Amino acid sequence: ATSSDWFQRAVVYQIYPRSFADSNGDGIGDLPGIISKLDYLKRLGVDVVWLSPIYTSPQDDNGYDISDYRNVDPLFGTLEQLRDLTDGLHARGMKLVMDLVVNHTSDEHPWFVESRSSKDNPKRDWYWWRPPREAAAAGAGSAPGTGSEPNNWGSAFSGPAWEFDQATGEYYLHIFSKKQPDLNWENPEVRAAVYEMMNWWLDRGVDGFRMDVINFISKDTSLPDSPRGDGKLYGDGTPFYIDGPRMHEFLQEMHREVFAGRTGELLTVGEMPGVTVEEAVLYTDPARAEVDMVFQFEHVALDQEEGDKWRPKKLLLTELKQTLGRWQDGLAERGWNSLYWGNHDQARAVSRFGDDGTYRELSAKMLAGILHLHRGTPYVYQGEELGMTNMTFGAISDYRDIEVLNHHREATTHLGHTDAEVLAALAPLNRDNARTPVQWDASRHAGFTTGAPWIAVNPNANHINAAAQVDDPDSVFSFYRKVIALRHAEPVVSHGTFTMLLPDDPHVYAFTRSLPDTTFLVLGNFSGQDQKVTLDDADVAVGDVPAGWDSAELVLGNYPADAAAPLLHLRPWELKVLRAG
Ligand code: TEU
Ligand code: CA
C-alpha cells in the first residue's frame, strides 16, 4: 500500500466462508450466501472483508490446501460470483482481501503432481524432496513413522513432517498435513509463479492479501534435526523455518514484483506464528516495503503450558497486558500492529478472555472496546460481533478439524491418554470452537442453512443470533457498530500514542491514547467484581496521566449511562472510554 493512513483508520472483518451463510442447502456456506449478507456488513461499518480461502481445494484443511489458485471451488461458487462479491463490496465502499496460501499447495495441485512424478521432472525442485536416511541415525523407536524420515520434525497436525512417496522412493516435507506439501521458495521459478498469480488477482480487482504462515517460507536448507522435548514424539522444527534467513529478501522481492507499481489502497497482512517484535518492526516498516502489518501470536499463547494448545492454563491479565503493551511499544515508532482476539484458528473471544456465562454481553462489549482502542488495525472474526461463544462438542466424531482429529488419534494411540482425557484437554482451545455456523436467527440451524450443516450449530443460537441484535441498540452488535464508528470519527483512536497504565493490576486493563489536543483514558474490568481504579498508584510517570479525570466525558461505555456512578469505579466487566476534560 502506498499511503498507510487509510488502513490505520480501517476495521477488517474476517469471513470463514464454510461457516458464514449457505445459499443452496448443501450445509456449507458459499459465495451467494456472503453476497446476501453485504448489507449486514455495511451496517456493522467495517471497511475491509478478509475472505478465508475459496479456491479449488480437496478441503483436507478446509481450503488451506489449494489445488488451483486461479479458480473458485464449486463448493463455494464460481469466479463469476466472486466478481459479484467484489463488486458488491466495492459498491458499498468496502474492500476485499483474499487469503494467500503459498507456503504450501495441495498435494493435488498440478505443480505437486508433476513434482512427484519423477526425480528429473522440471518441477521436482519446487518442493522439498529428500532421500530416506538410515533408520538408526533417526533414533527410531518411539515416534510413529518409518524412522527413515530425513529429519525428526513433527507436523503441526501430528505425525512426522515428512511423507514417503513410493514412486520415487523419497520423502517430501509438509509442515502441516501430508496433503499440504511445502513449496521450495529457494527456487526462483516458484517465486515467479506465485507473484504472477498474485498480480492476476490484483488485476481482477481484489484489494490485497492475508498471507498464510508467510514467515515459514524461508527455511534453513540443511533441514537439521531438532532436540526432542520431554514427552514429545518429534523434534520442534520451528527454529529452522520461522523467520528464516531469506524472509526479508523474499518479501521485498514480492513487493517489487507485485505491489510496487500499483496505485490505490491495498492491504497486506502477514500471518506470522512465532514472530518477535524485533522482526515485526522490520517486516512492517513502510520504508522497507515488505508488508503493511503482521498477525503475531504471543497473546494467544498465554493460556497454554509452553505454547501447547492441548495443555490449557488460566490466563493472567498481567501477562496479557505485558504482552500486548510490549507490541504497542515495539511498533510505536516504526511499523504497525494488527489487533485481534480471535479468528478461525482460535477459541471464541468471549469464552477465552471474557465470561461467556452471566456476563457474556458485557464482557463481549468490554473486549471489543479494549481491543479496538489499541493502536493498530482491528480484525473482527465472524460472529464475534454477536458475542458468539465456544461450542460444547460431545464425542470426537462431532469434530471436523484435521488438527483435532489427528491429535486425538495420536494422543490416544501413541501417548497413552484416554479418550476422556484428550477430549477434556482439547475442549477450550480447539479450532472447531470458532467454526460453528454464524447464528443468523433462532430458526432451525440458526438460519445458516436449510439443509444439514457440515458442523453442528451451537444450541445457544436460540438466544444469541443476529436477528435479535441488529435493531437492538443495547446489543453486542450495536456496540461493535459504535466502537467501529469511534475509530472512524476520532483521530486519537487511529493515530494517538499508547501508554499502558496499572501493569500490575490483576483485574483492570488501563491505558491512555493521546494526540496533542486529545487524550482518551480506556478502562476495562476483566472481572465479575467491582473494581476501584486508583490512577495515583499507577506505576507510570505522573505526566502520562493528566489531572482532572473526574470531570472527564464518557465517550463510550457498556453500561447504561448513569450520572451517579463514580467515573473511576468499574462494575463487573465494565468498559469506560473517557475523554480528558
Ligand atoms: O494457520 C497457521 C498457524 O500457525 C495456526 O494458527 C494453526 O492453526 C496452528 O499451527 C495449529 O496449531 C494457518 C491457517 O490460518 C490455518 O487455518 C491453516 O490450517 C494453516 O495455516 C495451514 O495453512
Ligand atoms: Ca452451499
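This is a predicted model: local features need pLDDT of at least 70, side-chain atom pairs count only at pLDDT 80 or more; totals for chains, interfaces and linings use all residues.
Student: What secondary structure does the protein have?

Tutor: Here you count helices and strands along the chain. This protein has 16 helices and 22 strands. Its radius of gyration is 24 Å, close to the 25 Å that the globule rule gives for 581 residues, so the protein is as compact as a globular protein of that length.

Student: How many of the residues are buried?

Tutor: For this one, we use relative accessible area, and a residue under 20% is called buried. In this protein, 60% of the 581 residues are buried.

Student: And what can contacts tell me about residues apart in sequence?

Tutor: Take the contacts between residues at least 6 apart in sequence: 71% of them join residues at least 24 apart.

Student: Is P17 buried or exposed?

Tutor: Compare its value with the cut-off for buried, which is under 20%. P17 has 4% relative accessibility, so it counts as buried.

Student: Which residues does P17 touch?

Tutor: Leaving out residues up to four places away in sequence, P17 touches G29, D30, I34, L51, S52, P53, I54 and F76. As for K309, it is 292 residues from P17 along the chain, and their C-alpha atoms are separated by 24 Å.

Student: Now the ligand. Which residues come nearest to ligand 1?

Tutor: Start with the list of surrounding residues, then look for the nearest ones. There are 18 residues around ligand 1, and D61, D212, H344, D345 and E403 come nearest. By class, this shell has 9 charged, 6 nonpolar and 3 polar residues.

Student: What distances separate oxygen atoms of ligand 1 from the side chains of H344, D345 and E403?

Tutor: Let's take them in turn. For H344, a side-chain N or O atom is 2.9 Å from a ligand oxygen. For D345, the corresponding distance is 2.5 Å. In E403, a polar side-chain atom lies 2.3 Å from an oxygen atom of ligand 1.

Student: How much of ligand 1 does the protein bury?

Tutor: Think of the ligand by itself, then with the protein around it. Taken alone, ligand 1 exposes 500 Å², and the protein buries 90% of that.

Key: Residues are numbered from 1 along each chain as its sequence is written. Chains are lettered from A and ligands numbered from 1 in the order in which they are written. Side-chain values use heavy atoms; hydrogens and water are left out. A residue is near a molecule or strand if one of its heavy atoms lies within 4 Å of it. A polar contact is a pair of N or O atoms within 3.5 Å; within protein, one must be able to donate a hydrogen and the other to accept it, and residues adjacent in sequence count only if both atoms are side-chain atoms. Accessible areas come from the Shrake-Rupley method with a 1.4 Å probe; for residues, only the protein chains shown count as cover. Ala, Val, Leu, Ile, Met, Phe, Trp, Tyr, Cys and Pro count as nonpolar, Asp, Glu, Lys and Arg as charged, and the others, Gly among them, as polar. Helices (H or I, at least four residues) and strands (E, at least two) are DSSP runs, numbered from the N terminus. The radius of gyration is taken over C-alpha atoms; the globule rule is 2.2 Å times the number of residues to the power 0.38. Buried means under 20% relative accessible area, exposed over 50%, partly exposed in between (1.4 Å probe, protein chains only). Contact means heavy atoms within 4.5 Å.
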